[in-house]
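Hi everyone. Please take a look at the structure on the screen. I'll talk you through its pockets and its ligand.

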Amino acid sequence: MKKIIIIDGGPRKAMNTAKMLQHFADGAQSLGGQIEVKTVRLYDMDYKGCMSCMACKIKDRASNVCRFKDALTPVLEEIAQADGLVMGSPIYFGDVTGQMRTFLERLAFPWLSYNDYSMTAPKRMPVLLMETMNGTPERNNSQHYGSMEYCIASALGQPERLIAYNTYQVKDYSRFELAGFSEEAKRQYRDTHWEEDLQRAFDAGRSMAEKILA
Ligand SMILES: Cc1cc2nc3c(=O)[nH]c(=O)nc-3n(C[C@H](O)[C@H](O)[C@H](O)COP(=O)(O)O)c2cc1C
């Protein structure tokens, strides 16, 4: 059976990023269960970024899957065989979370050849990069997936992008020191966009599944 791996790079299990990814998964499985979808929660795992061990670049035994052994090893091996990959993260200080960045180091360094600077993954596949943030389409500080986007595009294929802007950071703004945000403006934005964002996530899942099964 074809498989999509979803990497959840956010810490909160029931908030914006997790919900968007769940809707993506529902969309991918809406074609009668022809696609297996597995979600990996990075914050539940104990793993390191690239250790610079260079095991992936040993002469005549180079590997485009990371050889360092920890909790991420089986995930990276599964991605190498997968048919689609989704990464989702909240934006923290303009970037994806540290956990997502750490994961991406392990995913991408083995792709890079220092012989000719090419980037080769074991397999090309559809990729979606998802973000949630406080920023709006007009005013945001997201660097998206930064320099990793070039690596992903070269090795796996041009990724699609899905962004949920101006999310609710907390359920009840009155309980927190968050005077820099107008709860009323947040509510208005959410009322007009959030269901649409979730629908776009569902549609993106369905569309990736259709692409894989075509
Ligand atoms: C440590 C931290 C840093 C953040 N930095 C930004 C930022 O630079 N830009 C932004 O638009 N939102 C920022 N946010 C808001 C989150 O990206 C936003 O609330 C996101 O939707 C949270 O995702 P979650 O609900 O899945 O946890 C930050 C939130 C936290 C906790």
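I'll start with the model, then go to the ligand and its pocket.

This is a predicted model: local features need pLDDT of at least 70, side-chain atom pairs count only at pLDDT 80 or more, and totals for chains, interfaces and linings use all residues. Residues are numbered from 1 along each chain as its sequence is written, and side-chain values use heavy atoms, without hydrogens or water.

Where is the ligand? It takes up the space of the largest pocket. A pocket here is an open set of points on a 1 Å grid over the protein atoms alone, where a 1.4 Å probe fits, with protein on both sides within 12 Å along at least five of seven lines; lining residues have an atom within 4 Å of a point. A molecule sits in a pocket if more than half of its atoms lie within 2 Å of its grid points.

The lining has 23 residues. Nearest the pocket's centre are Ile91, Thr132, Met133, Asn134 and Gln169.

Now the ligand's contacts. Around the ligand are 16 residues (a heavy atom within 4 Å). Arg12, Thr17, Ile91, Thr132 and Thr167 come nearest.

Polar contacts are pairs of N or O atoms within 3.5 Å. A polar side-chain atom of Thr132 is 2.7 Å from a ligand oxygen. In the side chain of Thr167, an N or O atom also lies 2.7 Å from an oxygen of the ligand. Phe93 uses its backbone: an N or O atom there is 2.9 Å from a ligand nitrogen.

That's my tour. Thanks.

Terms used: A polar contact is a pair of N or O atoms within 3.5 Å; within protein, one must be able to donate a hydrogen and the other to accept it, and residues adjacent in sequence count only if both atoms are side-chain atoms.
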